[in-house]
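Student: I should like to learn how to read a protein model feature by feature. May we go through one together?

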Amino acid sequence: MNFLKTGSLVLFSLFGAQGKAQSDTTNTKSYADQVMIRVNLDTNIENYVFSAGEGKNAFEMDLSINNKTKTSFSVDYRIISATISFAPRFLDGNNDDEMKGESSYTDFSFRFFPGRFIQNVYYKNVSGFYVENMKDLSPEWQEGRDPYIQFPDLRVQTFGGSTSYILNKNFSARSIYTQGEWQYKSGGSWVPFVDYDLTIFRNKIDGVKSKETQYNIGGNIGYFYNWVIGKNVNISPYLAAGIGGKFSSYRDLDNGGSKENAQYATIRMQGGLHIGYNTDRFLFGGKMNFKTYAYDQKENQTVENNNLYGLLYIGYRFAPPKVVKNTYDKIQKKIPVL
């Protein structure tokens with residue numbers, strides 16, 4: 001217990017000391033003293049690819065959700081950035097229930113920027129999948145005429161996070177992630193980071209319930225570059241790769257509750273491109289990101305989790321109401337990390 005307390009105090013002291021450096025520098029302009037609100041519209045493609053065999057015996061099944069567009073609302077103040085996302089039913093591509101079944105998508109995320117650290121935590125809840133590559137599995141299948149194979153009871157819940165560190169002190173990660181700063185000069189940085197999550201799969205097929213719990217952790221290294229064009233435009237690409245481990249526990253809930261444990265080595269890659277326009281009050285832009293990881297489940301069997309999305313955002317900054325500033329200051333006295 002003493003060890004945990006000491007470790008927690010050291011971590012909070014480090015973050016607290018780093019967190020005080022949220023101000024203008026020779027290379028960045030900070031908007032930490034402003035409240036920023038953003039509305040985002042993005043295409044979320046969450047799918048799982050299962051492949052088995054080789055050559056003529058190769059088999060691949062692509063599971064996807066029937067929600068291709070989601071909206072999110074973000075609020076930023078000081079070193080905190082919070083976002084809530086959901087998939088509205090009225091948007092085109094989110095309501096083809098007759099052919100693809102009903103899906104739902106919700107996530108919450110919080111991102112902290114204590115100095116050169118980036119700490120992200122999130123929760124995601126996805127349910128209702130269908131087999132997207134029906135033509136590959138059944139050549140006679142016709143789009144628009146035949147329904148997709150559906151897994152309406154497949155639900156995936158994820159609790160996750162990541163911890164990053166910016167090696168170049170003159171590089172502004174906030175200018176890319178949340179537009180909480182503006183970087184005056186072009187420059188980049190190597191960014192090592194660790195990501196981790198707990199994912200729970202629940203499903204029911206022919207009345208038989210199953211549950212699988214997965215723990216994932218990975219070490220990654222990426223390079224981020226911020227190309228500043230004039231006073232208001234920036235273009236920011238990045239690419240990262242890493243390796244990790246997956247620890248899985250599967251249980252058939254209706255057949256004696258037998259439990260199977262497994263461990264896998266994973267490889268992962270992610271990248272993206274951000275283009276933005278920024279003023280002291282208004283900002284807007286777009287992003288394209290991808291993230292994928294894969295692991296060999298058995299001999300000649302590979303599972304991939306792919307996430308690809310484009311995002312459009314528009315935002316506005318304003319001075320914080322007194323009640324917001326005073327409340328934050330009071331909380332900060334009790335929680336120095338803020």
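**Reading a salt-bridge network and its surroundings**

Tutor: Let us begin with a single side chain. Lys325 is partly exposed, with a relative accessible area of 39%. Please keep in mind that this is a predicted model.

Student: Which side chain does Lys325 meet in a salt bridge?

Tutor: The general idea is that side chains of opposite charge can pair when their charged atoms come close. Here Lys325 meets the side chain of Asp329, with an N to O distance of 3.2 Å. Both residues belong to helix 5 (residues 322-334), and because they are 4 residues apart there, about one helical turn separates them. Salt bridges with shared partners also bring in Arg78, so that Arg78, Lys325 and Asp329 form one network.

Student: How many salt bridges does a search of the whole structure find?

Tutor: The search finds 5 salt bridges. Another of them joins the side chains of Asp76 and Arg38, at 3.3 Å from N to O. This pair links distant parts of the chain, since Asp76 is in strand 5 (residues 69-77) and Arg38 is in strand 2 (residues 35-43), 38 residues apart.

Student: Is Asp76 buried or exposed?

Tutor: Asp76 counts as buried, because its relative accessibility is 3% and the cut-off for buried is under 20%.

Student: Which residue meets Asp146 in a salt bridge?

Tutor: Asp146 meets Arg145, and their side chains are 2.8 Å apart from N to O. Asp146 is buried, with a relative accessible area of 18%, whereas Arg145 is exposed, with a relative accessible area of 55%.

Student: Let us turn to the strands. In which sense do strand 6 and strand 7 pair?

Tutor: Strand 6 (residues 80-86) and strand 7 (residues 104-112) pair in the antiparallel sense, over 7 bridges. Within this pairing, Ser81 stands opposite Arg111 of strand 7. On strand 8 (residues 117-131), the residue opposite Arg111 is Asn120. Strand 7 and strand 8 run antiparallel too, and 9 bridges join them.

Student: How many residues lie between strand 7 and strand 8 in their hairpin?

Tutor: There are 4 residues between the two strands, and Gly115 in the turn has a positive phi of about 65 degrees.

Student: How should I read a nonpolar core?

Tutor: In soluble globular proteins, nonpolar side chains tend to be buried together. In this model the largest nonpolar core has 17 residues, and Leu63, Phe129 and Tyr148 have the most contacts inside it. Strand 4 (59-65), strand 8 and strand 9 (150-165) each supply at least two residues of this core. Strand 8 gives the largest share, 4 residues. A second, separate core of 9 residues includes Phe113, Ile166, Phe171 and Val191.

Student: Which residues does Tyr148 touch, not counting those up to four places away in sequence?

Tutor: Tyr148 touches Met99, Lys100, Tyr130, Val131, Glu132, Met134, Trp141 and Glu143.

Student: With which side chain does the side chain of Ser248 make a polar contact?

Tutor: Ser248, found in strand 13 (residues 233-252), makes this contact with the side chain of Glu212, at 2.5 Å. Ser248 is buried, with a relative accessible area of 6%. Among the other residues that Ser248 touches are Thr213, Gln214 and Tyr264.

Student: Where does pLDDT stay under 50?

Tutor: The general rule is that where pLDDT is low, the predicted coordinates should not be read in detail. In this model, pLDDT stays under 50 over residues 1-21, for which there are 15 contacts beyond four places in sequence. For the protein chain, the mean pLDDT is 83, and 83% of the residues reach 70 or more.

Notes:
Residues are numbered from 1 along each chain as its sequence is written. This is a predicted model: local features need pLDDT of at least 70, side-chain atom pairs count only at pLDDT 80 or more; totals for chains, interfaces and linings use all residues. Side-chain values use heavy atoms; hydrogens and water are left out. Two strands pair if DSSP finds at least two bridges between them. pLDDT is the predictor's confidence in each residue, from 0 to 100. Contact means heavy atoms within 4.5 Å. Buried means under 20% relative accessible area, exposed over 50%, partly exposed in between (1.4 Å probe, protein chains only). A polar contact is a pair of N or O atoms within 3.5 Å; within protein, one must be able to donate a hydrogen and the other to accept it, and residues adjacent in sequence count only if both atoms are side-chain atoms. A nonpolar core is a set of buried Ala, Val, Leu, Ile, Met, Phe, Trp, Tyr and Cys residues joined through side-chain atoms within 4.5 Å. A salt bridge is a side-chain nitrogen of Lys or Arg within 4 Å of a carboxyl oxygen of Asp or Glu.
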